[in-house]
Amino acid sequence: MSEKKSSFLIPVIGTAVIIAGGIAAYMYLKGGANSSSPLGSAKLVPATALMATYIDTNPEFWNKLQQFGTPEAQKLLAKEFQDFNQQMLNDSQISYEADIKPWVGGVMIAVLPPEAKKVSQNNFRSPEAPNFLLVVNIKDKIAALKFANKLKDKKNVKVQESDYKGQKIIESTDKGQPTYVTVLNNEHLLLTSNKQSVEKAIDTYKGEPSFASKEGANEILGKGVDVKNNLAQIYVPDYANMVQQLTAFNPQSKPLPPQTLAQIKQVKSMTAGVGIDDAGLRFKAIVNLDPQLNKFQYETTSAKIVGQFPSETLALASGQGISKSWQTFVEQSKDYPELNQGLQQARTQLKFLQLDLDKDIFGWMNGEFGLGAIQSNQGLLANVGFGGALVLDTSDRKTAEATFTKLDNFAKQQSLNVAQKSIGGKNITEWQIPQQGALVAHGWLNENTAFLAIGGPVADTLVDRKGAALDQSDSFKTITGSLQKPNGGYFYLDMDKTKTIIERLSTQSQPLPPDAIAILTSIRGIGVTVNSPSKSMTQMELLLSLKPSKGK
């Protein structure tokens, strides 16, 4: 994205630039403050728009962020905003809090397709970034008029007016960059850096098809995503078309092969939203799928596998049915020659170890699984502070044990010492490096649950757990307890434990700056889960769990 487009995306700066001169008289006061909504704003966006984001500027929602974070983090964010406001003030004598915030309602940012560039003599077309159209709701016309009057005398800005179908367009040029504005019905201010985009918006206002009337758009605009204290929502009514158009206008991108296009067409539309509640920042996304094209077989989990991990676990990804996912991957790889070639090479290489990739590696992984990072300061893990573990439920223990035996034989060929030991009545096999300790260990936690651990101490912790299980820990309950159920598994990250590891590793190179420490200290953790009520819908939820500020 060009610097021009990036700077334009800050609505308040764009507004400060383009309203200068003449617009005060045009903004004739009529009626009270109007209500703002995604659907209302979308009716002014041309139907060609690829996607749109609606930002709710309700200060009550945004102020809820103040209930979270350490004093250091809050001071950091306050300073960032103060620096931003001061930069605006120095450049244009404009204050966001005093001059802009009082009149700006909801803001919709629509992404329109880029215009095709003419092919040059050497047959080269430079990439063109998409065009952005901002639809700003005017919630207080008197405050907007005061703002416009303040900007009338702004220097170094060239302003000229034009008429398009009876609608006034004001063009301002600041430092060689044009910006266009029009006010529709004294209720919405439209901003863009492309004149054709504002003209298309006026056509839409006068009756041409809008983003709201686009197939699939009206439903997702009306429903949105259910989050408390909604800060922003994203709407993509035709996902495949968006990807195709953005790819087509970038000459550096290769045309999408039919196989990739078929994968993309599985997704019909997408809606996402972010809000803030008592737990922190919550992000939800709804993906509407074509059930005829969707080949993935979703499975819910009981999440019992989480109970096999200790409370020392700092990160975890869990799910269900690796074997079925592998089968789907193998089936789809047939449509991709390069991927299929790599798959065949992997099968060939494993045959030298007398292993069948499909049967011996993935075939028996048909139950729940969990892949976790676990704190440990012993043995080979002393320097890094953590190890890893893969825990798997299976109904085919015989095949799993045969696979472990073949892997043990390979380890012996690599001059590793393969030894047995017993902990708490359970047998563990370790691959030991002479004079250093166990590198890898594997065994069984119960009749149907196998594990493979990186680092002997991690295996010891799994088999002979002293403290509470992960699913009984306060951290896991707080970070994942409010996520949707049933689901297909979790991604979980404990930031306190992770920060300890980051600080340990960073001291070996360069210590973390104070600002980074302040932000990390304010985060309790991250929880993510996915569920699929049907083959035509997948839902994702992410919680950035934040620590309450002191005194809250």
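**Strand pairing, burial and surface**

Q: How many bridges join strand β10 to strand β20?
A: This is a predicted model, in which local features need pLDDT of at least 70, side-chain atom pairs count only at pLDDT 80 or more, and totals for chains, interfaces and linings use all residues. Residues are numbered from 1 along each chain as its sequence is written, and side-chain values use heavy atoms, with hydrogens and water left out. Strands are DSSP runs of E with at least two residues, helices are runs of H or I with at least four, both numbered from the N terminus, and two strands pair if DSSP finds at least two bridges between them. Strand β10 (residues 280-289) and strand β20 (residues 537-546) run antiparallel, and the number of bridges joining them is nine.

Q: Which residue of β20 is the bridge partner of valine 530?
A: Strand β19 (residues 523-534) pairs with β20 in the antiparallel sense over nine bridges, and a hairpin of two residues links β19 to β20. While phenylalanine 283 has leucine 542 as its bridge partner in β20, the partner of valine 530 in that strand is methionine 540.

Q: Why is strand β16 described as largely enclosed by the rest of the structure?
A: Buried means under 20% relative accessible area, exposed means over 50%, and partly exposed lies in between, with a 1.4 Å probe and protein chains only. Strand β16 (residues 437-446) is largely enclosed because, of its 10 residues, the number buried is seven.

Q: Which residue takes a positive phi in the hairpin of β15 and β16?
A: Strand β15 (residues 426-433) pairs with β16 in the antiparallel sense over six bridges, with isoleucine 428 facing glycine 443 as its bridge partner. The hairpin has three residues between the strands, and the residue with a positive phi near 70° is glutamine 435.

Q: Which residue of β17 is the bridge partner of valine 440?
A: β16 also pairs with strand β17 (residues 449-454) in the antiparallel sense, over six bridges, and a hairpin of two residues joins β16 to β17. Within β17, the bridge partner of valine 440 is isoleucine 454.

Q: What percentage of the residues in the protein is buried?
A: The protein holds 20 helices and 20 strands. Of its 552 residues, the buried share is 46%.

Q: What is the relative accessible area of phenylalanine 386?
A: Phenylalanine 386 lies in strand β13 (residues 386-393). This residue is partly exposed, and its relative accessible area is 30%.
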